[in-house]
Amino acid sequence: SPTSPAPIPHLSCPNPPPLLPQSPTSPACGAARVLPFHASRPTALPTPRTACFQSPHGHLCAHACARKPVATQELLQFKEKLDLVLSRAFCANEQFSHSLKEAFEQFINIKQNRPAELVAAFLDSKLRVGNKGSSEEELEEILDKTMTIFRYIDGKDMFEAFYKKGLSKRLLLGKSASVDAEKSMISKLKAECGSGFTSKLEGMFKDVELSRDVMASFRDSPQAQQISPDVELSVHVLTQGYWPTYPPVEVRLPQEILELQEIFSSYYMSKHSGRRLQWYPSLGHCQLKAAFPKGKKELAVSLMQTMVLLLFNSADGMGFNEILQGTGIDEKELKVVMQSLACGKVRVLRKEPKGRDVADEDQFFFDDEFKHQLFRIKINSIQMRETEQENEQTTERVFQDRQYQIDAAIVRIMKARKALSHTLLLSELFTQLKFPLKAQDLKKRIESLIDREYLERDPAQAAGYRYLA
């Protein structure tokens, strides 16, 4: 028997034999390239299990995951290749199967939060409109394979936060490729993590379905008769606790939109007097009818883009600062909006001087020469793109939620045990909490609870705590 198996670079075997060869001198020596030792039965293999599957390629995948979402697809292919080797070369040996699981858990979680974010982004790309070339059966197979990777991730609460954010945009902006696929994914998550993990995701679907009923009732109401027949209004009424936290945005909405908001608010409050509506213009989108000299068009734009374009009904040209004052949009965000309207593929506005960047001194004009082969035109916006700032905010909210969970777990344990040593308390916390933890972070939360008089140091033992009723 050998001293220690060397790491395997790729673990690939194009035509593996059904069983391991019985002798190193056997002509069927395909498995000799997979492991540097042989045995007559797979169950008789030595036990340095983790070394067998800790491939450098696995670490390569882990570092690639930190760079690009495409690596999630490569990781799925790598896992499929290893499963094939395990099945054909090692007859799905239980020890090797366990080693493969341990190796994946180890290298996937090298970057603690990044894999959760990237797996959520991968699922978002597969479940969003525009994912061409995948049938329903193929999509279902991809979801099943992705769930295998999901099981290896420690920070499942981080995944839930990013997945919820992607789901919210797919639902609100009508970008979901298949409602059945969405519900199938949620059922898989529910089977894996329990109903508590998916309760908010299911609540989001209920809100969307209830909003359809609300709008159907609104269209039959007297208030709806105040709206022009040329205008079609659609409103999503959302339960705040189910959806991601969106920062309120203060903007100067056009009078036409304010009137529509007031009409719907009066109807809704007549039905639900105890509730309060808070509008989020950053999540809105519109279909605008535009009359260009070379033909009429319909523009699919965000509400922020709509606010800018409606200003050009009263003026052919405006400076950036005038648009900034007229819309009240944040300066940084407005520059991105102006880029999408004057510097993108579809340019309904003309910028002077020309260039890809927007400056405070730039002037914008209605483009009289605009023409396009399509009647309905989608002007790309930033609503479906995750910015670094948004990702940081989502991550920060997850860390904040984790602090609350740690505090609750400490109080729950100490209330049941009354007194406990520091070591035993940390052991209980590591057992109960499912996300990645550091002892230093737990110590800070314990100190915080002592300051707030939930706990006190036990005078009977040096490193112990007592619960304060």
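The model is predicted, so local features need pLDDT of at least 70, side-chain atom pairs count only at pLDDT 80 or more, and totals for chains, interfaces and linings use all residues. Residues are numbered from 1 along each chain as its sequence is written, and side-chain values use heavy atoms, with hydrogens and water left out.

**Overall make-up**

The secondary structure of the chain comes to 16 helices and nine strands. Helices (H or I, at least four residues) and strands (E, at least two) are DSSP runs numbered from the N terminus. Of the 469 residues in the chain, 44% are buried. Buried stands for under 20% relative accessible area, exposed for over 50%, and partly exposed for values in between (1.4 Å probe, protein chains only). The chain exposes about 26,200 Å², and carbon and sulfur atoms supply 50% of this area. Accessible areas come from the Shrake-Rupley method with a 1.4 Å probe; for residues, only the protein chains shown count as cover.

A contact is a pair with heavy atoms within 4.5 Å. Among contacts between residues at least 6 apart in sequence, 65% join residues at least 24 apart.

**Salt bridges**

A salt bridge is a side-chain nitrogen of Lys or Arg within 4 Å of a carboxyl oxygen of Asp or Glu. By this rule the chain has 25 salt bridges.

| Pair | Closest N and O atoms |
|---|---|
| Glu202 and Lys190 | 3.4 Å |
| Arg452 and Asp407 | 3.0 Å |
| Arg466 and Glu456 | 2.6 Å |

Glu202 forms its salt bridge with Lys190. The pair links distant parts of the chain, with Glu202 in helix 9 (residues 195-219) and Lys190 in helix 8 (residues 179-193), twelve residues apart. Glu202 is partly exposed because its relative accessibility is 27%; Lys190 is also partly exposed, at 35%.

Arg452 forms a salt bridge with Asp407. Arg452 is partly exposed, with a relative accessible area of 41%. Asp407 has 9% relative accessibility and therefore counts as buried.

Arg466 is bridged to Glu456. This pair also links distant parts of the chain: Arg466 is in strand 9 (residues 464-467) and Glu456 in strand 8, ten residues apart. Arg466 is partly exposed at 33% relative accessibility, and Glu456 is partly exposed at 26%.

**A negative surface patch**

Glu136, Glu137, Glu138 and Asp180 gather in a patch of negative charge on the surface. Patches are made of residues with over 30% relative accessible area and no salt bridge, and like charges are joined within 9 Å. Asp and Glu count as negative, Lys and Arg as positive, while His and the chain ends are not counted. The place of a charge is taken as CG of Asp, CD of Glu, NZ of Lys or CZ of Arg. Helix 6 (residues 136-152) gives the most to the patch, with three residues. Glu138 is in helix 6 and is partly exposed because its relative accessibility is 38%.

**Helix 11 and Cys286**

Eight of the nine residues of helix 11 (residues 303-311) are buried, so this helix is largely enclosed by the rest of the structure. Its buried residues include Leu303, Met304 and Thr306. Cys286, in strand 1 (residues 285-292), is partly exposed with a relative accessible area of 21%. Leaving aside neighbours within four places in sequence, Cys286 is in contact with Leu299, Ala300, Val301, Leu303 and Thr306. The C-alpha atoms of Cys286 and Met304 are separated by 9.5 Å, the two residues being 18 residues apart along the chain.

Lys79 is found in helix 3 (residues 70-89). Its relative accessible area is 9%, so Lys79 is buried. Not counting residues up to four places away in sequence, Lys79 touches Leu100, Phe104, Thr148, Ile149 and Tyr152.

Gln261 is in helix 10 (residues 255-271) and counts as buried because its relative accessibility is 15%. Apart from neighbours within four places in sequence, Gln261 is in contact with Leu253 and Trp279.

Conventions
Patches are made of residues with over 30% relative accessible area and no salt bridge: like charges are joined within 9 Å, nonpolar side chains (Val, Leu, Ile, Met, Phe, Trp, Tyr) within 5 Å.
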